[in-house]
Amino acid sequence: MIRQFSFFLFVISSFIVQAIFLNRFQLFFSYSSFIDGVPFTSSHNLVYKYLLIWYLPVASMSLYFSGHLEDMKKYAIALFVRSYNRMQWMLNQYVHAFVVIVIFIFIQTFIMFLFHAYSENIWTANGIKGLYMYLSTIYTLICVQLFLELYVGARFSYLLVNLYVVFSILLSNELPRGLNWMHYLFIPNYGMGFRNGVSRSPIFEPYVIHFSIGCLILLFIQCLLVYFSVQRTKQMDWL
């Protein structure tokens with residue numbers, strides 16, 4: 001319990017640091033850093049600055065969930081002995097993760113308002129769409145991490161997901177225009193307004209992810225991960 005609370009405070013502090021960095025760097029944003037993400041630009045210096053601001057809270061939320069399933073196994077064994085449904089247990093973990101992420105993003109949005117690190121049009125239709133896409137993307141990444149944790153353990157799954165996040169953003173920025181379809185292979189692109197068309201700017205290159213297609217793909221990935229996690233849970237020897 002104490003460990004979880006300390007990680008919770010760490011996540012909140014990362015939101016505060018993000019807001020401070022945003023005000024300090026004075027970069028262009030349509031809504032706010034966590035909604036807009038990293039733009040497509042030829043300036044590597046700009047890419048690294050945007051990436052630093054966007055990625056810090058993502059890494060902290062990922063760390064919060066790292067080892068969650070391993071901790072829950074201690075209680076799950078006693079439940080399974082009493083014929084508790086393994087599918088229900090696994091589904092509960094994903095529901096719990098979704099609720100926690102919603103709380104985190106609500107707090108993140110509040111902190112951006114508190115530090116005035118946002119645009120006034122954040123509550124427009126596009127701003128809300130960007131907020132939803134960010135939420136769905138973070139949840140998908142956490143689902144991937146929880147799924148991997150069933151196979152390779154907490155530390156390695158955390159490392160794999162975070163390496164994937166960073167390298168997918170950097171590699172996506174280097175892809176030629178003729179390979180736009182490859183951007184759909186990089187999940188972080190879906191949650192960035194500069195890359196899914198929610199946040200538009202004449203100073204950056206156009207978006208590559210279509211919003212509606214991105215929503216469907218993320219939902220499909222989430223369903224697949226939950227399904228295969230349930231199957232894995234049924235096959236595992238927990239005793």
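Q: In which helix is Gln145 found?
A: The structure is a predicted model, and its helices are numbered from the N terminus. Within that numbering, the helix that holds Gln145 is α6.

Q: Is Gln145 buried or exposed?
A: A residue is called buried when its relative accessible area is under 20%. The relative accessible area of Gln145 is 1%, and therefore Gln145 is buried.

Q: With which side chain does the side chain of Gln145 make a polar contact?
A: Leaving aside neighbours within four places in sequence, Gln145 is in contact with several residues, including Phe65, Ser157, Tyr158 and Val161. The polar contact made by its side chain, at 2.4 Å, is with the side chain of Ser62.

Q: Which element gives the most residues to the largest nonpolar core?
A: The largest nonpolar core has 68 residues, and Tyr94 and Tyr134 are among those with the most contacts inside it. Elements that give two or more residues to this core include α1, α5, α7 and α9. The element that gives the most, with 12 residues, is α6.

Q: How far apart are the end C-alpha atoms of helix α9?
A: Helix α9 runs over residues 211-235 and has 25 residues, so at 1.5 Å a residue it should span 36 Å. The distance between its end C-alpha atoms agrees with this, at 36 Å.

Key
Residues numbered from 1 in each chain as written. Predicted model: local features only at pLDDT ≥ 70, side-chain atom pairs only at ≥ 80, totals over all residues. Heavy atoms only, no water. Helix = DSSP H or I, 4+ residues; strand = E, 2+ residues; numbered from the N terminus. Expected span 1.5 Å × (residues − 1). Core = buried A, V, L, I, M, F, W, Y, C linked by side-chain atoms within 4.5 Å. Buried < 20%, exposed > 50% of the residue type's maximum accessible area, 1.4 Å probe, protein only. Polar contact = N/O pair within 3.5 Å; in protein donor to acceptor, adjacent residues only side chain to side chain. Contact = heavy atoms within 4.5 Å.
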